[in-house]
Amino acid sequence: MKTPAILLTFALSATPQFALAEATLLDAGTAHAALSGIHYTCDLGEMKFDMLFNEVEEISKVLPYEFRAGERASDDAYTLTDAGEIHLQSTNEIRFLTFDKGTLGIAKTQDGRAATCVPK
């Protein structure tokens, strides 16, 4: 059985729906304010899920969260690299996160399909 985090990885790998190339990307300097302690409800078209980020200190390089899709849940984290990138801890793959007017965007590639997340 695939975990919800793996399901999200597969969904983000699907055919591009809209691009993040025009959006402002979060980096290590801005990720904390957008993620720490926030509960997001996310929509990826056919997949709806929640991401509950733990509250962490501003200097933390790891932003843990609980991923919930239906009745399934898993824990993962985003890791902030010294190069300013954001990686998914479980797979060590880069993720592209944007934050605009309270909406979080999450994509596997800059020109790929993105989940849209709003605070709950």
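These legends describe close-up views of a predicted model. In this predicted model, local features need pLDDT of at least 70, side-chain atom pairs count only at pLDDT 80 or more, and totals for chains, interfaces and linings use all residues. Residues are numbered from 1 along each chain as its sequence is written, and side-chain values use heavy atoms, with hydrogens and water left out.

**View 1. The overall fold has two helices and eight strands.** Helices (H or I, at least four residues) and strands (E, at least two) are DSSP runs, numbered from the N terminus. Along the sequence the pattern reads α-α-β-β-β-β-β-β-β-β. The protein has 120 residues, and 40% of them count as buried. Buried means under 20% relative accessible area, exposed over 50%, and partly exposed in between (1.4 Å probe, protein chains only). Of the contacts between residues at least 6 apart in sequence, 47% join residues at least 24 apart. Contact here means heavy atoms within 4.5 Å.

**View 2. Eight strands close into a barrel.** The order is β1-β2-β3-β4-β5-β6-β7-β8, with antiparallel pairing. Neighbouring strands of this sheet are turned by 30° against each other on average, direction ignored. Axes are lines fitted to C-alpha atoms, for helices over the stretch in contact, and angles run from 0 to 180 degrees between N-to-C directions. Two strands pair if DSSP finds at least two bridges between them. β6 and β7 (residues 103–107) are joined by five bridges in the antiparallel sense. Phe99 stands opposite Leu104 in β7.

**View 3. The largest nonpolar core holds 25 residues.** Such a core is a set of buried Ala, Val, Leu, Ile, Met, Phe, Trp, Tyr and Cys residues joined through side-chain atoms within 4.5 Å. Leu35, Phe49, Met51, Tyr78, Leu97 and Leu104 touch the most other members. Elements that each supply at least two residues include α2 (31–35), β5 (86–88) and β8 (114–119). β3 gives the most, with four residues.

**View 4. Tyr40, Phe53, Tyr65 and Tyr78 form one aromatic cluster.** Rings of Phe, Tyr and Trp (its six-membered ring) pair if their centres lie within 6.5 Å; planes under 30 degrees apart count as stacked, over 60 as edge-to-face and the rest as tilted. The count by this rule is five aromatic pairs. The Tyr40 and Phe53 rings have centres 6.2 Å apart and planes at 85°, so this pair is edge-to-face. Tyr40 lies in β1 (residues 39–43) and Phe53 in β2 (residues 48–53), so the pair ties together parts 13 residues apart in sequence. Tyr40 is buried at 1% relative accessibility, and Phe53 is buried at 5%. Tyr65 and Tyr78 form a tilted pair, 5.2 Å centre to centre with 35° between the planes. Tyr65 is in β3 (residues 62–69) and Tyr78 in β4 (residues 72–80), 13 residues apart. Both Tyr65 and Tyr78 are buried.

**View 5. Arg95 sits in strand β6 (residues 93–100).** Arg95 is buried, at 4% relative accessible area. Its side chain makes a polar contact with the side chain of Glu93, at 3.4 Å. A polar contact is a pair of N or O atoms within 3.5 Å; within protein, one must be able to donate a hydrogen and the other to accept it, and residues adjacent in sequence count only if both atoms are side-chain atoms.

**View 6. Asn92 has a positive phi, near 55°.** Asn92 lies in the loop between β5 and β6. Asn92 is exposed, at 57% relative accessibility. Lys101 also has a positive phi, about 55°, although it is not a glycine. Lys101 is in the loop between β6 and β7. Its relative accessible area is 81%, so Lys101 is exposed.
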